[in-house]
Amino acid sequence: MRLTQFSNFAIRALMYAALKGSTPSAVPEIARAYGISYDHLKKVAAELCRLGYLETVRGRNGGFRLAKDPREIRIGDVIQQTEAEPGLVECFDPATNTCPLLPACQLRVALQ
């Protein structure tokens, strides 16, 4: 499985925000810290806000911070919501699932 750059940046932004706690993080600050594109990260942050993972903080020292407790955030959910494809593996789509391992497979459980 390969993650898109978008999902990769989303996970990085969430980790950075989690480390900062209640202190807001700014997109330029994170882009510099990871050496990644400001423009792409700005789109990622907006999407994470829309999905409810981040909340914006207005003002001079504003930016964004986690909107929920880090223990409530599941990486599988983040990836599933930020990847362009509807499912990471075929068993997420019952209409196209042909995997013979489904009854015993734990991969689906882990990714969910």
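This is a predicted model: local features need pLDDT of at least 70, side-chain atom pairs count only at pLDDT 80 or more; totals for chains, interfaces and linings use all residues.
## L14 and the core

Let's start inside: leaving aside residues up to four places away in sequence, L14 touches L48, Y53, L54, L66, I73 and V78, where a contact means heavy atoms within 4.5 Å. L14 is also among the residues with the most contacts inside the largest nonpolar core, along with L41, L48, L54, F64 and V78. That core has 22 residues. A nonpolar core here is a set of buried Ala, Val, Leu, Ile, Met, Phe, Trp, Tyr and Cys residues joined through side-chain atoms within 4.5 Å, and buried means under 20% relative accessible area, exposed over 50%, and partly exposed in between (1.4 Å probe, protein chains only).

Two or more core residues come from each of α1 (5-20), α2 (27-34), α3, β2 (63-66) and α4. The largest share, seven residues, is from α1. Helices (H or I, at least four residues) and strands (E, at least two) are DSSP runs, numbered from the N terminus.

Residues are numbered from 1 along each chain as its sequence is written, and side-chain values use heavy atoms, with hydrogens and water left out.

As for pLDDT, the predictor's confidence in each residue from 0 to 100, the protein chain has a mean of 86, and 91% of its residues reach 70 or more. Confidence is highest in helix α3 (residues 38-50), at 95, and lowest in helix α5 (residues 107-111), at a mean of 69.

## Helix α2

V27, I30 and A31 are the buried residues of α2. They cover an arc of only 100 degrees around the axis, so they sit on the same side of α2; the arc is that of the directions from the helix axis to the C-beta atoms. These buried residues pack against α1, α3 and β2, whereas R32 and A33, on the other side of α2, are exposed. After α2 comes G35, with a positive phi near 65 degrees.

## Helix α4 and T82

In α4, the buried residues are G76, V78, I79 and T82. Seen down the helix axis, they fall within an arc of 160 degrees, so they line one face of α4.

T82 lies in α4 (residues 75-82) and has a relative accessible area of 8%. Its side chain makes a polar contact with the side chain of S7 (2.7 Å). Such a contact is a pair of N or O atoms within 3.5 Å; within protein, one must be able to donate a hydrogen and the other to accept it, and residues adjacent in sequence count only if both atoms are side-chain atoms. A polar atom of the T82 side chain also lies 2.8 Å from the backbone oxygen of V78.
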